[in-house]
Amino acid sequence: MSAGTFKLDGVDVPFDDGDTLLAAAQRAGHHVPHLCWHPRLGQSGACRVCTVRVDGRWAAACTTRAAAGQVVENRTPAIDGQRRLLLQLLFVEGNHFCPSCEKSGDCLLQATAYEMGMTGPQFEEFYQHRPVDASHPTMWLDLNRCILCKLCVRASTEVDGKAVFAIGGHGVGAHLLVNSPSGRLGDSAFADSDFAATVCPVGAILPKRRGFAVPIGQRRFDCAPVSAQVEPQGDGEGGHGR
Amino acid sequence: MGADGTRADTARAKPRIATVSLAGCFGCHMSFLDIDERLFELAELVTFDRSPLTDLKHCGDCDIGLVEGGLCNAENVHVLREFRARCKVLVAVGACAINGGLPAQRNALDVGRILLDVYDRGRPGLAAGSTVPNDPELPLPLARVHPIHEVVHVDHFLPGCPPSADAIWACITALLAGRAPTLGHGLIHYD
């Protein structure tokens, strides 16, 4: 039962009681750019890429309750410009060397940057050097690509019931932690069948010995821009990962 | 360049384009050549200044400068500054010029250690007594690889490793028409 409708860029979008703007919009097939939201997981509000204007005020669409009659601006040049800025900040914060990343073409960060027309970073590169964690038999971590979306943290806690991941540190030193005595993935309860193993939207959590398997031209975001691919919901099969 | 080898060429005053590879792999230049027969059209429209494809040793006053590669050594910085001083519009072409690219993966390592590991330390295959080259003729490497916008102002970024020929063509034709280049789905990619 729809609890009412709000206007998204002039189009009526129905919502249910308790819906956020983002959940209702995506379910209705409208793309609101986002990185840290997933239909199966709780809210985070970390990436701010879903920021929209609600009745003239800035708000994160993923944490804002839908209400009848709201006027929401989503894809305007000014809002997309702010999103491009956020993406540029994320890109310089990590080592996003797409030419050698196994996630290229299947990466939500990259696809969203394409969607926003991001051509260059324009900010100074951080050039992180966090060591790769290849201690797990079938999965590996490159935390220089991690955008701190916390999808793996929430997936492991809420769905897998394992709490393998957490965020530690402060400010620019914040980083992904593995919950094991040694801090290494191989010593945690992590398994490649976990939801957390597939939910990473970038190339930070990847399977071993399986990269570059999809021909260029057939990768997820080669085929159509991210705005034309609103994720299927509820079954966990069509999330950001593969 | 005129038939007499001078840069006069004032009669028709075609736009001048300079190109250079800094810490690049020349792949962006190869992708530029991938515009194929459109090169003939371009040759009618512009005059090439300093470029790996011409014999000019220094960059003259140009309308457009295309820079491939990041900055990995002192000579790269000198050449980039010359391009910035002489080119009205400077374009960072390819992943390396834009964010350092794959060569910037050396930034996690100490450059002195890298040189010793490659040229010294009794590396298998090296002649006895081999050591790090130290002739002043050789430019010293920088401690880290940098994208070019960290040293000079960049007017436009043309991403890709390399950018496709169609993206390069779209960029050059837009600039020649006095427009800012815009790349849509399929032309904008980082890999």
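The side chains of Asp80(A) and Arg83(A) meet in a salt bridge, 2.8 Å from N to O. The term means a side-chain nitrogen of Lys or Arg within 4 Å of a carboxyl oxygen of Asp or Glu. This is a predicted model, where local features need pLDDT of at least 70, side-chain atom pairs count only at pLDDT 80 or more, and totals for chains, interfaces and linings use all residues. Residues are numbered from 1 along each chain as its sequence is written, chains are lettered from A and ligands numbered from 1 in the order in which they are written, and side-chain values use heavy atoms, with hydrogens and water left out.

Asp80(A) and Arg83(A) are three residues apart in helix H2 of chain A, about one helical turn. Helices (H or I, at least four residues) and strands (E, at least two) are DSSP runs, numbered from the N terminus. Asp80(A) is buried, at 11% relative accessibility. Arg83(A) is buried too, at 1%. Here buried means under 20% relative accessible area, exposed over 50%, and partly exposed in between (1.4 Å probe, protein chains only). Salt bridges with shared partners join Arg75(A), Asp80(A), Arg83(A) and Glu115(A) into one network.

Arg75(A) sits in the loop between strand S5 (71-73) and helix H2 (77-93), while Glu115(A) belongs to helix H3 (residues 108-115), so the pair ties together parts that are 40 residues apart in sequence. Arg75(A) is partly exposed, with a relative accessible area of 28%.

Another salt bridge links Asp142(A) and Arg145(A), at 3.4 Å from N to O. Both of these residues are buried. Over all chains, the whole structure holds 17 salt bridges.

Now the sheet. Five strands form an open sheet in chain A, in the order S2-S1-S5-S3-S4, with mixed pairing. Two strands pair if DSSP finds at least two bridges between them. Strands S2 (11-15) and S4 (57-60) stand at the edges with a single partner strand each, so one side of each has no neighbour in the sheet. From one strand to the next, the twist averages 40°. Angles run from 0 to 180 degrees between N-to-C directions, and axes are lines fitted to C-alpha atoms, for helices over the stretch in contact.

S3(A) (residues 51-54) and S4(A) run antiparallel, joined by four bridges. One bridge pairs Thr51(A) with Ala60(A) in S4(A). H2(A) packs on the sheet and touches S3, S4 and S5 of chain A. Contact means heavy atoms within 4.5 Å. The direction of H2(A) makes about 150° with that of S3(A).
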